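Biologist: Can you take me through the salt bridges in this one? Keep it short, please.
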Amino acid sequence: MFSRATLLVPQHGQQQVRGMATLKAIAMRLKSVKNIQKITQPMKMVSAAKYARAERELKPARPYGAGAAAFYDKAEVKALEDKPQQVIVACSSDRGLCGAIHSSICKHIKAELAGDASKAAIICVGDKSRAQLQRTLAGSIIAQVGEVGRKPATFEDAGRIMAFILNSGYEFGSGKIVYNKFKTVVSYDTLEMPFYPSDAINAGEKIALYDSLDADVVQSYMEYSLASLMFYTLKEGACSEQSSRMTAMDAASKNAGEMIDKLTLTYNRTRQAVITGELIEIISGAAAV
């Protein structure tokens with residue numbers, strides 16, 4: 001009888017250690033998920049406020065892009081055949097936690113330059129696009145514009161980017177801005193917005209329909225239209241980014257809440273099982289003695 005009681009003591013100790021270790025792991029996991037929820041819930045509220053502001057600012061910015069694009073279409077401006085080089089502007093930002101908003105732009109550019117990237121120069125607007133494109137297209141990146149997305153974009157910011165593109169020293173026959181166009185709170189489209197240098201505008205088939213167009217006027221309008229396109233795409237990208245971040249943080253908060261409920265239930269069941277097992281062993285040991 002004494003030997004049987006002696007054998008029960010280490011078994012009881014081992015069961016307690018295993019149960020405590022399991023409970024400790026579950027408790028640490030539960031605490032970690034609760035901390036994540038404390039982060040995602042405020043970020044969702046902040047993103048919702050920023051999204052509302054970005055959507056209000058997008059409506060007056062859309063005529064800037066529509067006007068510049070309409071001029072290129074009506075004048076039938078095309079890329080210069082003797083200059084096959086093109087500039088691709090990846091319009092992203094420096095901030096993350098917004099789903100695939102930045103990777104969709106980079107995938108679009110990678111797919112287009114998969115065959116031959118020797119005649120393309122990439123200008124990254126934002127650090128996120130640079131971080132992804134430099135892995136496979138580092139030789140094509142000629143410049144990067146930082147500090148994008150922290151504050152709402154202004155036309156002055158678009159003008160600086162325009163000057164940066166024109167003063168980069170890269171001669172191109174055509175260019176395009178790859179950006180995300182806002183559709184709804186949960187959807188956006190990755191599109192291209194073309195732009196052209198002054199030589200291509202002068203060579204437009206129907207440019208003669210516009211009166212009093214000398215070289216200075218065309219150059220000035222080209223600079224203004226490029227700044228307008230940049231301003232428009234920055235606003236579209238900002239609205240798409242904020243809506244995606246709000247959606248992502250909302251989904252993360254819901255997932256954290258569901259995981260907290262499951263972990264709490266698992267923790268309570270495991271704790272009850274450990275207590276029940278200990279009671280059984282104590283009663284069995286006492287009965288054996």
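Modeller: Here is a quick chat about its salt bridges. The model is predicted, so to say: local features need pLDDT of at least 70, side-chain atom pairs count only at pLDDT 80 or more, and totals for chains, interfaces and linings use all residues. Residues are numbered from 1 along each chain as its sequence is written, and side-chain values use heavy atoms, with hydrogens and water left out.

Biologist: How many salt bridges are there?
Modeller: The count is 17. A salt bridge here is a side-chain nitrogen of Lys or Arg within 4 Å of a carboxyl oxygen of Asp or Glu.

Biologist: Which residue does K235 pair with?
Modeller: K235 pairs with E57, at 2.8 Å from N to O. K235 is in helix α6 (residues 215–288) and E57 in helix α1 (residues 2–74), 178 residues apart. Helices are DSSP runs of H or I, at least four residues, and strands are runs of E, at least two, numbered from the N terminus.

Biologist: Is K235 buried or exposed?
Modeller: K235 is buried, at 6% relative accessibility. E57 is partly exposed, at 24%. Buried means under 20% relative accessible area, exposed over 50%, partly exposed in between (1.4 Å probe, protein chains only).

Biologist: New topic. What does D199 bridge to?
Modeller: D199 meets K83, at 3.8 Å from N to O. D199 lies in helix α5 and K83 in the loop between α1 and β1, so the pair ties together parts 116 residues apart in sequence.

Biologist: Which residues join into one network?
Modeller: K44, D250 and K254 do, through salt bridges that share partners.
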